[in-house]
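Hello,

Here is the structure I promised to hand over. Please open it alongside this message; my notes follow below.

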Amino acid sequence: SSESIGVAGGSLLISPRLLDIAQVEIVKGPQSALFGRSAFAGAISYTTQDPSSEPTRSVSMELSSEGQYEAKGSLSGPISDTLGYRFGAYAFTDDGYYFNKVTQQSTGGGEGRGAALTLKWEPSDTYGAKLRTEFTNDKFDPSSQAALAFNSRNAVPANASICNVGTNAAGAAAPVGFIIDKNCPVNATTNLLGLFAYRDLETLTGNRGVFDDMTIPAFTGSVGSAKGLQPSFNRNATQLVAGGTAPDFPGSDRTVRRMSLVQYFDTSIGRFSSLTGYTNADVDVLFDIDKTSFLPIQQTLETYTNTRQFSQEIRFTSDFEGPLNFFAGLQYWTESTEQREDRKSTRLNSSHVSESRMPS
């Protein structure tokens, strides 16, 4: 399964470049009985190629603009009369199509490498086993995203105003709304609720949204062509001193180790199958979360995730001569995930730097 804590059913834990596909099956609807707990809305099942009966080899290369290079190669053939192998590897690099306006360095690209080895053993007509192991390490730049500037303001519904005063369970005055409204009338009720103090605080902070008023920034109208948009990320000052020498944010770094073992044993009444899978993945991500080069306030997010999965399934498919046949199976599936998160909100001026961390 490719499911992970961040992308359910996505390709976070697989490398499409390394699949070496022989067959693809697409099944709709809940398929947990056949493909595990992650197949709650259907499944895409990839079957990798078996070792070839004759020695074969292949090499392919792709070159394109923006520094895109990709190379793949494979070797396959028999080791003995009962054992065959298949080995595949890839490497790629991509500069990306866009540039960070701040550093003029490319963004949206990446680089990576990976390899996979398949062994298939068939010592008899009734037993066979296919073992596949793979390793991938891919690094991707921050995605090429640009922030659209607000060009208008929208009104907040009146019932969201904290001036909308009701009563709580004890019968005392209590605000029904939750947004500070600078137009709240100053009277005994609002003073009792402390609204006057909130309004003072908002004024003292320069109305910078510490407590929002009854209008919010918005974007209205057509976005138009994307040609005029440019990614504008701050330099990565999380590990180095802030300034013009700090590098771009690294983006994401993904290392995945996978193993699968499929065995079958044929009998006079049907086939017994065993399917074993194991995955160990490390994903480290660091990027500029606000996606703007606004220097007074910088927001960064770094996450590290380790995901370990193990599954074991036993199946029996009957092969009776009569009109009735059946399929039965048992599966054990477990996932262990550790995630550490470091969020930083840094305000820079001539006198101080403040930082907050939120590990989880």
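The side chains of Arg 258 and Thr 279 are joined by a polar contact of 3.2 Å. Keep in mind that this is a predicted model. Arg 258 sits in strand S14, residues 251–266. Arg 258 is buried, yet it has no salt bridge. The nearest side chain of opposite charge is Glu 134, 4.1 Å away. A salt bridge needs the nitrogen and the carboxyl oxygen within 4 Å.

Thr 279 leads on to Thr 307. The two are 28 residues apart in sequence, but their C-alpha atoms are 7.6 Å apart in space. Thr 307 belongs to strand S16, which covers residues 297–318. Is Thr 307 buried or exposed? Its relative accessible area is 3%, so Thr 307 is buried; the cut-off for buried is under 20%. Leaving out residues up to four places away in sequence, Thr 307 touches Leu 13, Thr 279, Asn 280, Ala 281, Glu 335, Ser 336 and Thr 337.

Now to the surface. Ile 21, Val 24, Ile 26, Ile 44 and Tyr 46 make up a nonpolar patch there. Together they have about 480 Å² of accessible area. Strands S1 (21–28) and S2 (42–48) each supply at least two of the patch residues. S1 gives the largest share, three residues. Val 24 is in S1. Val 24 has 42% relative accessibility, so it counts as partly exposed.

Best wishes

Technical notes:
Residues numbered from 1 in each chain as written. Predicted model: local features only at pLDDT ≥ 70, side-chain atom pairs only at ≥ 80, totals over all residues. Heavy atoms only, no water. Patch = residues over 30% accessible without salt bridge, like charges linked within 9 Å, V, L, I, M, F, W, Y side chains within 5 Å. Areas by Shrake-Rupley, 256 points an atom, 1.4 Å probe, with all protein chains shown as cover. Helix = DSSP H or I, 4+ residues; strand = E, 2+ residues; numbered from the N terminus. Buried < 20%, exposed > 50% of the residue type's maximum accessible area, 1.4 Å probe, protein only. Contact = heavy atoms within 4.5 Å. Lys, Arg positive; Asp, Glu negative; His and termini not counted. Polar contact = N/O pair within 3.5 Å; in protein donor to acceptor, adjacent residues only side chain to side chain.
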